[in-house]
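Colleague: Before I use the labels in your annotation, I would like to see how each one was assigned. Please show me the model first.

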Amino acid sequence: MTKIIVKILIVLCLILFANAQQILRSHDPKGQNFLFSFGSCFSQKRLANQNRTSIFEKISEKKPDVFAWLGDFGYPRLFEAIIPAFEFTKNEKGYKMLQNNKVTQIVGIWDDHDYGKNDGDKNYKYKHEVRQIYLDYIEEPKDSIRRTQPGGIYTSYYLGNTKKVKLVLLDVRFSRDSFWFEHSDILGTDQWKWLENEFNDPNSHTIILASGCQILPDDRVIPEKWYPDSRNRLFDLIQKNKDHQRVILISGDIHLAEILVEPNSVSRFGYNIIEITSSGLTHHVMDYKVPQFIVDGFLPNTFNEKQHRLMDFNYALVDIKIDPQNKENTQLEFSIKDQNNISRLQVKIEPWKQEQKQLNLTSSKYTREDHRYKRWIIWTFKNYFVENRKIGITLTVIALVILILAYVICKKIYSFYQRRKTNQQKQKTN
């Protein structure tokens with residue numbers, strides 16, 4: 001009997017210890033006010049070319065309780081370059097300020113570049129080695145379950161000791177199917193089981209769900225995105241738990257910042273499903289010197305319009321106010337900051353307030369039910385032949401001229417070889 005009691009006490013102590021490890025404290029003693037920040041995409045090469053310190057100096061000035069990496073801690077091109085790339089980030093002046101300000105706790109999840117392979121998936125041969133290296137550089141404890149658990153480095157934390165708001169970091173690389181599979185999965189069996197348990201948490205009522213790549217958009221040509229089956233499965237999970245868990249999505253990856261909303265989400269889920277993307281700590285899409293109307297052509301307005309996007313250096317700062325007695329008073333104010341700490345995009349979310357109205361971030365009448373190719377074609381036509389019709393028509397004329405010239409040149413080459421072949425046959429006959 002004594003042995004059984006001792007075993008039960010040991011198990012209870014382990015559970016309590018595990019929970020304590022998963023609480024990210026705030027400098028508010030009650031844990032009701034929490035300052036959370038996140039960002040992604042830090043490149044040694046880009047920062048060196050700009051000859052400046054990183055935006056981390058500005059983040060450190062705000063002294064957030066937590067900074068969360070949402071991918072691309074560095075940009076190594078080969079496995080052998082991972083440690084040097086990570087060393088540069090860890091020792092960069094601005095990031096050192098954040099690490100040493102005695103306030104900010106740093107956590108993180110990887111995306112493709114710090115995973116070790118551009119657009120990498122479960123077939124990356126060095127994923128187990130990189131897991132340990134990455135977790136070392138974000139200073140994950142040596143005995144952390146993230147180092148050995150099946151399915152990846154996913155994890156979760158309570159933001160403040162009220163345990164009412166939870167940060168869930170998803171691993172969208174370690175178990176990700178290759179993109180050409182018909183019913184591709186992005187999380188893997190083990191992570192899906194774990195995520196369902198996270199939703200069943202009796203303590204938290206609000207989840208900030210983080211993914212390295214974007215979750216909502218499905219009609220963009222270039223950036224990676226969630227596979228349709230996985231997104232639908234996540235939506236089903238959100239809908240199933242909508243009466244006791246409210247979800248806010250955050251992401252990185254695409255080298256711009258934006259605020260997006262799922263069309264018709266109020267009617268389906270009872271509240272607006274909002275995604276806030278922050279990407280571009282050292283670089284952004286306009287660095288490539290491409291005219292913005294061309295960039296906009298790849299970003300249909302299904303989920304937002306261009307005034308809700310920022311193509312500049314950026315990070316996200318979230319001011320969280322929690323009322324542990326009444327969840328309806330919980331507020332999360334998201335602000336996308338630029339390199340001068342100026343707020344460029346903002347959205348205030350009160351997840352438990354009764355929402356009767358869909359958040360209006362776009363004039364588009366199209367929803368996810370309309371095929372994504374249809375949405376993209378219509379948007380492309382509108383972008384190039386309505387809003388920027390002079391440029392669009394000019395580019396079309398240039399393209400047609402090039403095609404006509406190519407056709408004429410190919411026809412002349414074909415005629416030349418045909419005549420040559422005919423002459424050769426005549427010579428043989430003679």
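This is a predicted model: local features need pLDDT of at least 70, side-chain atom pairs count only at pLDDT 80 or more; totals for chains, interfaces and linings use all residues.

Modeller: Residues are numbered from 1 along each chain as its sequence is written, and side-chain values use heavy atoms, with hydrogens and water left out.

Colleague: Why is Q149 called buried?

Modeller: Buried means under 20% relative accessible area, exposed over 50%, and partly exposed in between, with a 1.4 Å probe and protein chains only. Q149 has 9% relative accessibility, so Q149 counts as buried. Q149 sits in the loop between helix 7 (127-137) and strand 5 (155-159). Leaving aside neighbours within four places in sequence, Q149 is in contact (heavy atoms within 4.5 Å) with R131 and Y154. Over the protein chain, 52% of the 430 residues count as buried.

Colleague: What makes a set of residues a nonpolar core, and which residues have the most contacts inside the largest one?

Modeller: A nonpolar core is a set of buried Ala, Val, Leu, Ile, Met, Phe, Trp, Tyr and Cys residues joined through side-chain atoms within 4.5 Å. The largest has 65 residues, and F36, W69, L167 and I276 have the most contacts inside it. Beyond four places in sequence, the contacts of F36 include V66, L159, I250 and I320. Another core lies apart from that one, with 28 residues, among them Y154, L187, I238 and Y271.

Colleague: How do you know that I238 is buried?

Modeller: The relative accessibility of I238 is 0%, and therefore I238 counts as buried. I238 belongs to helix 9 (residues 228-240). Not counting residues up to four places away in sequence, I238 touches F199, V247, F269, Y271 and I273. I238 and F269 are 31 residues apart in sequence, with 7.7 Å from C-alpha to C-alpha.

Colleague: Why is the pair of F293 and Y384 called edge-to-face, and how many aromatic pairs are there in the whole structure?

Modeller: Rings of Phe, Tyr and Trp (its six-membered ring) pair if their centres lie within 6.5 Å; planes under 30 degrees apart count as stacked, over 60 as edge-to-face and the rest as tilted. A search of the whole structure finds 25 aromatic pairs. One of them is F86 with Y134, edge-to-face at 6.3 Å centre to centre and 70 degrees between the planes. F86 is in helix 4 (residues 82-91) and Y134 in helix 7, 48 residues apart, and the pair links distant parts of the chain. F86 is buried, with a relative accessible area of 0%, and Y134, at 0% relative accessibility, also counts as buried. For F293 and Y384, the ring centres are 5.7 Å apart and the planes at 80 degrees, so this pair is edge-to-face. F293 lies in helix 11 (residues 292-297) and Y384 in helix 12 (residues 372-387), so the pair ties together parts 91 residues apart in sequence.

Colleague: What makes F293 and Y384 buried?

Modeller: F293 has a relative accessible area of 12% and is therefore buried; Y384 counts as buried at 15% relative accessibility.

Note on methods
Helices (H or I, at least four residues) and strands (E, at least two) are DSSP runs, numbered from the N terminus.
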